[in-house]
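Student: I would like to learn how to read the inside of a protein model. Could we go through it one feature at a time?

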Amino acid sequence: MKWLLFVFFLMSMSILFGQKTRKGVPLEPGVSLALAEERAARMSGLEYDLFFNLPDSAHLPIPAEVTLRFNLISAKAPLQLDFRVEPDRLKSVRVQGKSVPAECKEGHILIPAKYLRKGHNEIAVEFTAGDLSLNRNEDYLYTLLVPDRASTVFPCFDQPDLKARYRLELEMPAAWEASANGALEEERAVNGRKRLRFRETQPFSTYVFAFAAGQFQKRTQSRAGRAMTMLYRETDDAKVARNADTIFDLHAQAIEWLEAYTQIPFPFDKLDFVLLPGFQYGGMEHIGNIFYREGSLILDETATENQKLGRARLIAHETAHMWFGDMVTMKWFNDVWLKEVFANFFAAKAVNPSFPKINHDLSFLLAHQPTAYSEDRSGGSHPIQQPLENLREAGSLYGGIIYQKAPVVMRQLEALMGEEAFRKGIQEYLKTFAYSNATWDDLVGILDAYSEEDLQGWSRVWVKEPGMPAIRTEWHAGSNGRLEKLTLVQEKKAPSGANWIQSTVVALAYPDTVVRIPVRLEADVTEVVAAKGLPCPLAVLSNASSMGYGYFRLDSISLAYGLRQFASIGDPLLRGAAWLALYEELVRGRVAPDAFLQSILGALPRETEPLNRQNLLGYLGTVCWHYLAPAQRAKIAPEVESLLWDLLANAQDMSGKAAFFSTLSNLSITAESVSRLKAVWDGSVPVPGLPLSEAQQVSLASELALRLPDEADAILSRQLERTQNPDRRKRLEFIRPALSPDPAVRDAFFESLKNPANRATEPWVVDGAGYLNHPLRAEAALKYIRPSLELLEEIQRTGDIFFPRQFITAVLSGHQSEEAAEIVRNFLRDHPEFPYRLRNKVLMAADLLLKE
């Protein structure tokens, strides 16, 4: 009898399983992990033939067609094709050449199993392209489909592990230029327009499909036998000419370095790039077709060393993605950090040969740890690798922990394994998963074979747990004035109770020298054995390395010494690390803002390293706007501004002049300094050796409008008249209401942002929100905080990946009052179901505001 019951149970389960298989995965918005796994298990050999008929007006629809070809190992269940648009945009569906009834539900087109077959399948769809991710402007457009936005433009299988080959055709106005993933194969005239056909590509994921088309200027140059084409909209020919050769050089140098390191030739047929005003990101790594924010590459004549290095890093970052992310892609977006960490990590390495005069360890430190700390110390900290249930939430995974913390962690991994072993493991990883997909655990499995270390255990703590270590320094002197013991104590452990294992350098400061001692932190307490018996130092810096990560608490003696003397440290890297340590003490309340400010003012005239100088100027801005009350700010302003004008006058290089002038534009509040800035803006008293570009003039006019309310309209009208570039003029027209002295005009601007159509150019919105909530208008702007928080969920649904964090940061960064902090606390308390990743973004953006 028991045997019969068991047989009956097996038969019942078989029937239920068969029913589930025939019904497929339930329809729901987005691409769930279950749907992604189901499709990946049964599909292969995917191809797309795409056609878009682009009109000459941004207000007309875009007729389009797509034919999908693929193989199925099973046709027993229906198939969900992703298409997140209004239902009436779907015109017709043909399966195996026959018309079938179809409609869009929950962002999908459901193809019933009866129309499918095992083996080869073909689905053809006529549709009107969705506008959400087409970024349509009057005379140009571009796609931006990361992480799950391809399905908002055309029907597709929108998940990273269903790679496909693409063949694209575009019809467009005859005067337009275009760039796509594949090389241009044919161009022909069609009824006074032109039609372009692009060559079939290698397999890649939907999120890096891209094309741009419109009124662009075009330059083509060759490097090492590789022709590259740049499309751009900048109208200042002299400015373009100053930058163009360097832009092409930096791409070629990045390719050369990456080919040498990976031992894999450039993995795609071509590399072109499109420079876009108002682009949402610094860059986006579309295969063979990188998009950049135009101002990130075409720099002003007065560009600082930081800006030049930032451009080089950006280009190297996006180029590195051709190998890391495009050729080898994460299987699911929970590992999106993996492509970003490699791009940032190898970008830092690749730019070194191009900047031989740069202190690259210092550059790495200042480019990564400060931003990572600002997020990791906040209430919104999260692991590097985060769980992801549905791709519609993937955009919320991005941030400083992925982009800035992860490269530091990767540098620790390289040190743990050794550079050559690490490199061999990376080469094997790329060759194993070329044109395919991989996970972080796949990589760790490969690297494990090249190391005696417990990489799995190391990975669990650094990659899969949140937070940052807190290290306390203790040292004891004997009666002979020498060190008896120096220890580093891990005060804070990972949530699992494990220690963060890492290597760093301890620096002991003496009157005429600094002693550096390498240290590996593993146990609860690590004794720095090499320090025993050394003379007692004036101070101890427990993280004097570019790859140490965490809050390294200064002891009281070192803290007091640092405020007086860290500026006198001779080594630029040690100075940079010391200032970072002091700033972290400021954030944690162990250093008074006025004391920190006086240390900066004393250090600036002595600082000769451009990277440290720029960092100090950034700290100066944070202290003045966030930590000083308005009355304190007004009292110290004459001293600060006088020093900056003197430094500007005495700066020997244009980069230094630009850095000081930019800080003056940001911080000036006294009538005298603002008047001097206006004289620079109107050309009556130019700064010797510092020509202002049109973009800088627009920025300065905006700052003046905030400070001179009675003259704001006249200043902005005059700036509009003399702004020649149409894209810069449109930006100024957009943000102008946010600069208005009239509260009603500012209120109307804020209300307009509630309409998604008015948030289309996201960098402009972020700039406008920043001016709206400027510290000089913080009290009047308190009313914008809660509505901005209430808008975040919609912004996440309709905006691109960085927009929610950038928007709420722009809103909150101008506020410092307890009243503002209480608004944030009350909102989070009143919304316990607020999406936890968005909650993290708010807590990160409000970190300084919420500090007690």
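Student: What volume does the second largest cavity have?

Tutor: Keep in mind that this is a predicted model. A cavity is a space where a 1.4 Å probe fits but cannot get out. Here the second largest cavity has a volume of about 100 Å³. The structure holds 13 cavities of 30 Å³ or more.

Student: Which elements give two or more residues to the lining of the second largest cavity?

Tutor: They are helix H7 (360–376), strand E28 (551–553) and helix H13 (572–587). H13 gives the most, with 4 residues. Among the lining residues are Leu365, Tyr373, Phe552, Leu580 and Glu584. By class, the lining has 8 nonpolar, 2 polar and 1 charged residues.

Student: Which residues have the most contacts inside the largest nonpolar core?

Tutor: A nonpolar core joins buried residues through side-chain atoms within 4.5 Å. The largest one has 238 residues, and Tyr48, Phe52, Phe154 and Leu620 have the most contacts inside it. Leaving out residues up to four places away in sequence, Phe154 touches Tyr48, Leu50, Phe52, Asp82, Phe83, Phe127, Leu145 and Phe209.

Student: Which residues of H9 are buried?

Tutor: Buried means under 20% relative accessible area. In H9, these are Ala421, Phe422, Gly425, Ile426, Gln427, Tyr429 and Leu430. Their cover includes helix H3 (237–262), helix H6 (336–350) and strand E21 (436–438). H9 itself runs over residues 419–432 and reaches 20 Å from its first C-alpha to its last, close to the 20 Å expected.

Conventions. Residues numbered from 1 in each chain as written. Predicted model: local features only at pLDDT ≥ 70, side-chain atom pairs only at ≥ 80, totals over all residues. Heavy atoms only, no water. Buried < 20%, exposed > 50% of the residue type's maximum accessible area, 1.4 Å probe, protein only. Contact = heavy atoms within 4.5 Å. Expected span 1.5 Å × (residues − 1). 1 Å grid on protein atoms, 1.4 Å probe; cavity = no way out; pocket = protein on both sides within 12 Å on 5 of 7 lines; lining within 4 Å. Points joined across faces, edges and corners; volume = space filled by probe spheres on them. Nonpolar A, V, L, I, M, F, W, Y, C, P; charged D, E, K, R; others polar.
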